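Please read the following report alongside the sequence and the coordinates.

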Amino acid sequence: MALRRASATRHRNEAASARRDTREWVVKRRERTRHLIELGGLVAKAGLVELTGDDRAVIYGALLTVAERLRDEERAQTLARWGRRGHRAFVADMAEKKE
């Protein structure tokens with residue numbers, strides 16, 4: 001039992017030390033990880049996970065289609081249209097959470 005407690009304490013201390021690590025590469029990795037998690041949250045928030053049955057090949061294919069659309073001549077119009085739609089969805093989501 002004492003060995004288990006000592007092991008748990010050691011793990012807690014190591015985790016706390018990792019959170020305080022301010023080396024440049026660690027901070028950049030942590031920021032990148034947070035960014036990727038947020039992007040994954042947007043994929044889930046859009047309902048793509050449920051709509052595709054969590055088929056990652058389908059989700060990746062859909063994202064490739066989006067990227068392809070952004071490479072054409074109407075890029076600015078597409079970004080503006082999607083930006084307005086996303087903004088309205090965020091506002092509606094915030095309004096729902098307040099109720």
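What follows takes the surface patches in turn and then individual residues.

The model is predicted, so that local features need pLDDT of at least 70 and side-chain atom pairs count only at pLDDT 80 or more, while totals for chains, interfaces and linings use all residues. Residues are numbered from 1 along each chain as its sequence is written, and side-chain values use heavy atoms, with hydrogens and water left out.

**Surface patches**

A patch of negative charge on the surface brings together E68, D72, E73 and E74. Patches are built from residues that have over 30% relative accessible area and no salt bridge, with like charges joined within 9 Å and nonpolar side chains (Val, Leu, Ile, Met, Phe, Trp, Tyr) joined within 5 Å. A salt bridge here is a side-chain nitrogen of Lys or Arg within 4 Å of a carboxyl oxygen of Asp or Glu, and the accessible areas come from the Shrake-Rupley method with a 1.4 Å probe.

A nonpolar patch on the surface is formed by L36, L39, L42 and F90, which together have about 350 Å² of accessible area. Helix α2 (residues 24–45) supplies the largest share of the nonpolar patch, namely three residues, and L36 is found in helix α2.

**Exposure of selected residues**

The classes in the table are buried (under 20% relative accessible area), exposed (over 50%) and partly exposed (in between), with a 1.4 Å probe and protein chains only.

| Residue | Relative accessible area | Class |
|---|---|---|
| T78 | 1% | buried |
| D21 | 18% | buried |
| D72 | 36% | partly exposed |
| L36 | 41% | partly exposed |
| M94 | 52% | exposed |

**Contacts and separation**

T78 belongs to helix α5 and, when its neighbours within four places in sequence are left aside, is in contact (heavy atoms within 4.5 Å) with R69 and L70. D21, by contrast, is placed in the loop between α1 (2–20) and α2, where D21 touches V26, V27 and R30, residues up to four places away in sequence not being counted.

M94 is also found in helix α5. What separates M94 from H11 in sequence and in space? The two residues are 83 residues apart in sequence and 38 Å apart in space, C-alpha to C-alpha.

Technical notes: Lys, Arg positive; Asp, Glu negative; His and termini not counted. Charge placed at Lys NZ, Arg CZ, Asp CG, Glu CD. Helix = DSSP H or I, 4+ residues; strand = E, 2+ residues; numbered from the N terminus.
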